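Hi,

Here is the structure I promised to pass on.

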Amino acid sequence: MLEVIHNNLSLQTSLEEVKNLIEQSKSDNTKKAYQTDWKHFEDWCLRNNVQSMPAKVETILLYLNELSKQYKYSTIRRKLSSISQAHEIKGALNPTRHYYVLKLMQGIAKQKGTKQEAKKAIILDDIKKMIDVIDTTKLIGKRDKALLLVGFALASRRSELVAVDLEDITFTSQGMDIAIKQKKTNEVIMKSVVRIDSEYCPVRALKDWIEAAGIKEGAIFRTIDRHGNIKDRTKDKTVARVVKKYAELAGLNPNDYAGHSLRSGLATSAAQEGMNDTSIMKQTGHKTRSMVDRYVQEGNRYKNNASSILRNLG
């Protein structure tokens, strides 16, 4: 439809505005993934002397067959999606929707399996262990403690966590309110974090970091060089690195955890503590219950479990 409209010069400017809005709907991480995948496909086409745009169905089939020899199914599916997006944006005939392509993907799925290895949630016991091994006598330790505790308490996506500015935070007698800029919906939602009388208090940890770093405005979480100098806003990948670093120091397997483990950890732990779905969704920012229900089921898998009847044998 967009290609048809494009032929009408009077609507071309409006069409470009629509395309720009569509592009803005994607997160930065999604755009980077598309760009990387598309370059991989272009390079493959160049090496094999075939056309990448628009690509022929035969080209897609041969490319997928080669991918199936070295990549897992989820990666292949993502790369195919990137090729599809590129053709849609160009208004070209999309070869990824061809019957043979769909059947080949079904065959790859059966061969490799479609189950993805989910990263573990950082539950309350885990976050305690991780905080306990942080050296807060160092500046980077203060930052990392605040990053982990605030990241856990907010249950936000890692990109949203590192996007927080000092101006987004309001400290109150009961805790703090933080305006979170949601990447996926382009909305700003307010999340509250309760102050607790403990060394694991995210409010206290954040205040300690802000004071130690001398932050007066702008980005809260910033990079620190090897000389202890505070630099620019930290990247979202730093969240994953910090999680893995302290998971390992705490005696946990760092390969089991990722940046998302903080977000899923709060939801899972809240379910274990008896919080209702509404309270959990308010903090995570989820609009539907499907994903939250997964966290709740994970958190409650040992409660009211039918296998517990074995206790009657004692």
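Predicted model: local features only at pLDDT ≥ 70, side-chain atom pairs only at ≥ 80, totals over all residues.

To start with the sheet: in which sense do β1 and strand β2 (residues 175-181) pair, and over how many bridges? They pair in the antiparallel sense, over three bridges. Strands here are DSSP E runs of at least two residues, helices are H or I runs of at least four, both numbered from the N terminus, and two strands count as paired if DSSP finds at least two bridges between them.

Residues are numbered from 1 along each chain as its sequence is written, and side-chain values use heavy atoms, with hydrogens and water left out.

Back to the sheet. It is open, with three strands in the order β1-β2-β3 and antiparallel pairing. β1 (169-171) and β3 (188-194) are at the edges with a single partner strand each, so one side of each has no neighbour in the sheet.

Now the inside. The largest nonpolar core has 45 residues, and Leu-148, Leu-206, Trp-209, Ile-220 and Phe-221 touch the most other members. (A core is a set of buried Ala, Val, Leu, Ile, Met, Phe, Trp, Tyr and Cys residues joined through side-chain atoms within 4.5 Å; buried means under 20% relative accessible area, exposed over 50%, partly exposed in between, with a 1.4 Å probe and protein chains only.) α8 gives the most to this core, eight residues. Apart from it lies another core of 19 residues, including Ala-55 and Ile-60.

Then the aromatics. Four aromatic pairs turn up in the whole structure. (Rings of Phe, Tyr and Trp, the last by its six-membered ring, pair if their centres lie within 6.5 Å; planes under 30 degrees apart are stacked, over 60 edge-to-face, the rest tilted.) Trp-38 and Phe-41 make a tilted pair, 5.4 Å centre to centre with 50° between the planes. Phe-41 and Tyr-63 have ring centres 4.9 Å apart and planes at 70°, so that pair is edge-to-face. This second pair links distant parts of the chain, with Phe-41 in helix α3 and Tyr-63 in helix α4 (residues 57-67), 22 residues apart. Both Phe-41 and Tyr-63 are buried. Together, Trp-38, Phe-41, Trp-44 and Tyr-63 form one aromatic cluster.

Cheers
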